[in-house]
Amino acid sequence: MHQELFAHSPLLALPVGAMLLFLAAWLATSLRVLTRPKAEIDAAARLPLEDDHERR
Amino acid sequence: MTALITADSSLPSGAIASATETRRIVYNDWISRWFVWASLVFGVVGMLVGVVVALQLAFWQANVPPLLTFGRLRPLHTNAAIFAFVGNMMFAGIYYSTQRLVKARLASDLLSKIHFWGWQLIIVAAAVTLPLGYTTGKEYAELEWPIDIAITLIWVVFAINFFWTLARRVEKHLYVAIWFYIATIITVAVLHIVNSFEIPVSGLKSYSIYGGAQDALVQWWYGHNAVAFFLTTPILGIMYYYLPKAAGRPVYSYRLSVIHFWSLIFVYIWAGPHHLLNTALPDWAQTLGMVFSVALWAPSWGGMLNGLLTLKGAWSQVRTDPILKFFAAAVTFYGMSTFEGPLLSIKPVNGLAHYTDWIIGHVHAGTLGWNGLMAAGMFYWMVPRLYGRELHSKKLADAHFWLATFGILLYVVAMWVSGITQGLMWRAVDETGALKYPNFVETVNAIRPMYWMRFTGGLMYLVGVLMMAYNLVATARAGKAVDGEARVVVPKVEPVESTWIEVLFGKPVLLITVVAVIAATMAVVNNEASIVFAGMAVTAAVLGTIAISLATQNAQVQWHRLLEGRALIFTVFVAIAVLAGGIAELIPTLLITPAQVNASAESKPYRPLELEGRDVYIREGCYTCHSQMIRTFTFEAKRYGEPSTMGESVYDHPFQWGSKRTGPDLAREGSKYPNLWHWRHMIDPRSVSAGSIMPPFPGLVTDTVDASRTADKMRALRSVGVPYAAAEIQGAAADEAEQGKAIVDNLRADGVPDANPQSELVALIAYLQHLGVHPSPAPGGAAVSLAK
């Protein structure tokens with residue numbers, strides 16, 4: 001009975017839509033991040049190492 | 001020496017004003033010290049309770065009713081391990097690393113203190129209430145409503161302190177670890193609030209507003225994502241800070257960290273239904289859970305590979321440095337668990353593994369291996385720095401590493417063998433098609449040696465943690481508490497930054513909005529048009545991304561760079577990513593009404609005494625060992641009866657489908673045995689079921705239910721959709737007495753002369769005899785009397 005109900009529910013388009021949104025965002029993020037300049041990426045990656053000589 | 005750091009080092013030099021000043025920052029490290037010690041204390045307690053419950057499964061005599069039985073201690077163990085041990089460890093790690101990554105002291109010492117003491121108070125409240133039987137009956141969310149409110153408030157304090165610190169930061173770029181912390185704070189808040197909606201009945205009693213399949217879906221959406229956003233994302237953030245620090249080299253691929261972050265937080269939120277495969281949950285939700293769980297493998301391994309490859313070129317250090325050993329092993333266990341998780345989410349594999357110890361092994365590979373070893377590595381790295389002294393003993397740390405690693409392996413292998421053995425025995429049939437092991441106890445006794453092996457592995461791990469505690473205390477005692485400080489060079493005039501409008505209406509945001517609108521249109525058109533719109537959405541996404549990429553390639557200030565510099569907007573995007581999955585997955589099931597689910601009138605609300613019995617069942621933690629969900633397998637139907645339906649549990653607030661079968665399923669327990677069988681079974685399980693490992697519950701004979709509160713409970717349940725008529729609520733006490741008397745009369749006829757109709761055991765029998773019986777059962781239970 002409830003399977004029938006869900007089979008005809010337009011709300012089930014929600015997961016499909018959300019998944020497409022994810023795919024779009026994922027593609028955008030991937031392309032964006034892959035085209036960033038190396039110097040900028042390297043600077044960001046080194047952030048944890050900057051305080052290695054902090055005073056104690 | 002003091003670090004001299006140029007703020008916002010990743011910005012193009014031209015963007016920084018020429019005039020600079022040097023600023024001295026003294027970090028708030030005492031809060032990290034407090035959380036480290038709290039984590040260690042509660043880690044020892046939580047793991048000790050874990051060893052005790054492992055012993056109780058191997059040796060039932062270790063149960064001490066009423067307070068110290070497996071059903072009451074198991075929630076204490078899980079809550080202590082997750083929220084006390086890992087929680088405190090996570091706060092220590094986040095506070096320490098965040099200050100250094102953003103070059104700012106924590107915003108408020110007062111909020112830090114409130115956060116610390118509030119969290120410890122919550123843990124103590126859990127440690128007191130859970131053994132006393134105050135529980136909501138929802139796994140990893142057992143704490144009752146006043147404590148739930150306290151958790152919300154303290155989490156808000158944590159969030160304010162954290163985001164306020166980000167607002168005051170000198171370093172504008174948000175390092176990837178901070179992203180993971182933001183995702184943790186936002187998502188845990190959403191999960192906790194949504195799953196904790198409950199109707200209070202009294203000071204320490206409430207009912208979930210969700211019932212049956214809806215409750216199951218929300219609970220496992222929460223439960224799985226508690227693993228994701230409490231045990232994984234903050235620890236990944238910690239990995240991205242502490243592993244490069246310990247290895248002395250930057251993370252292997254910062255680009256990979258960006259991609260795997262967004263993928264992980266979006267995909268994780270969908271995977272909850274894999275805890276409900278082959279059950280009465282709607283098929284589409286099960287499929288969704290399975291597909292996203294398998295997809296989760298990719299971003300998980302993105303993080304794992306990024307962690308391990310950070311050690312590229314530093315493997316020689318791993319041989320000699322116990323800290324790197326812990327980190328390398330932890331990341332390896334993370335990789336193993338996140339391979340095993342998707343594997344277990346494939347429906348046929350899940351059919352074998354679910355409800356067995358394989359799942360317990362999987363969980364512990366994650367918690368002991370990933371969380372526990374990361375915690376150890378972080379503590380061994382942090383404590384010497386927090387006390388200005390070398391680690392007391394590297395040899396002892398090495399010994400801890402090997403003891404912990406072998407302990408985990410012993411534990412996990414035992415659970416694999418146990419789980420697969422039991423899963424195969426449950427489904428084994430002979431040449432006639434009959435069950436080969438129809439007596440459930442046979443399948444339990446076959447795996448008891450594995451329970452001893454698990455106990456040994458857990459004990460080894462606990463000893464390792466005690467060794468670590470000694471090592472760290474000795475380190476701290478030899479040194480003295482010091483707070484780190486740094487000097488940062490900052491521009492006197494803040495660099496010119498883009499406006500919020502530029503960010504909010506940036507091309508990527510517009511593109512995502514367009515794609516979302518096209519995708520949302522699919523909801524209101526027919527199937528054929530949906531496909532067209534889906535194609536349009538994908539095309540727009542791909543072409544738009546390429547166009548934006550080309551257009552911004554040479555721009556001075558890039559959009560994603562701006563996004564990372566704006567903590568609030570970044571937080572909003574994280575929330576959207578997380579909520580998209582949550583809403584899309586939950587809404588279709590939550591909008592269905594109890595009347596629609598129960599259209600064929602399979603279910604009737606519990607009678608008052610049955611309701612009281614159900615509360616006893618929940619209080620004693622029976623759900624920790626018994627499921628109430630017969631899956632859609634022939635072998636399950638042969639053992640337990642027809643597969644369960646959604647309608648049968650529609651009035652169950654909370655649902656009791658369970659997650660583990662140390663004992664048999666009880667979905668159709670009603671009328672299976674006479675009342676006398678249950679009476680004897682609860683007092684001494686082995687008197688009717690030789691070889692059983694269930695603890696005895698003799699106290700239920702003398703403890704009585706409070707009939708004066710039953711009407712309040714029924715009113716509360718009516719407010720969440722259980723169709724109790726006003727007359728039924730008014731006559732609750734009388735009906736309770738009538739049903740109790742009928743059961744007691746039946747017991748007397750079978751040779752139990754002095755049963756009290758108000759005893760909790762009689763109420764529990766009333767409940768058990770209701771399960772799977774429609775309409776309400778006959779007073780005598782099964783037709784065959786044990787006394788004869």
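**Note on the two-chain model**

1. In chain B, among contacts (heavy atoms within 4.5 Å) between residues at least 6 apart in sequence, 83% join residues at least 24 apart. This is a predicted model, in which local features need pLDDT of at least 70 and side-chain atom pairs count only at pLDDT 80 or more, while totals for chains, interfaces and linings use all residues. Residues are numbered from 1 along each chain as its sequence is written, chains are lettered from A and ligands numbered from 1 in the order in which they are written, and side-chain values use heavy atoms, with hydrogens and water left out.

2. Chain B has 31 helices and 5 strands, where helices (H or I, at least four residues) and strands (E, at least two) are DSSP runs numbered from the N terminus. Chain A, by comparison, has 3 helices and 0 strands, and its pattern along the sequence reads α-α-α.

3. Of the 788 residues in chain B, 63% are buried, that is, under 20% relative accessible area with a 1.4 Å probe, counting protein chains only. In chain A, which has 56 residues, 48% count as buried.

4. Leaving aside residues up to four places away in sequence, Y254(B) touches residues of both chains, including I41(A), A44(A), A45(A), H173(B) and W179(B).

Note on methods
Buried means under 20% relative accessible area, exposed over 50%, partly exposed in between (1.4 Å probe, protein chains only).
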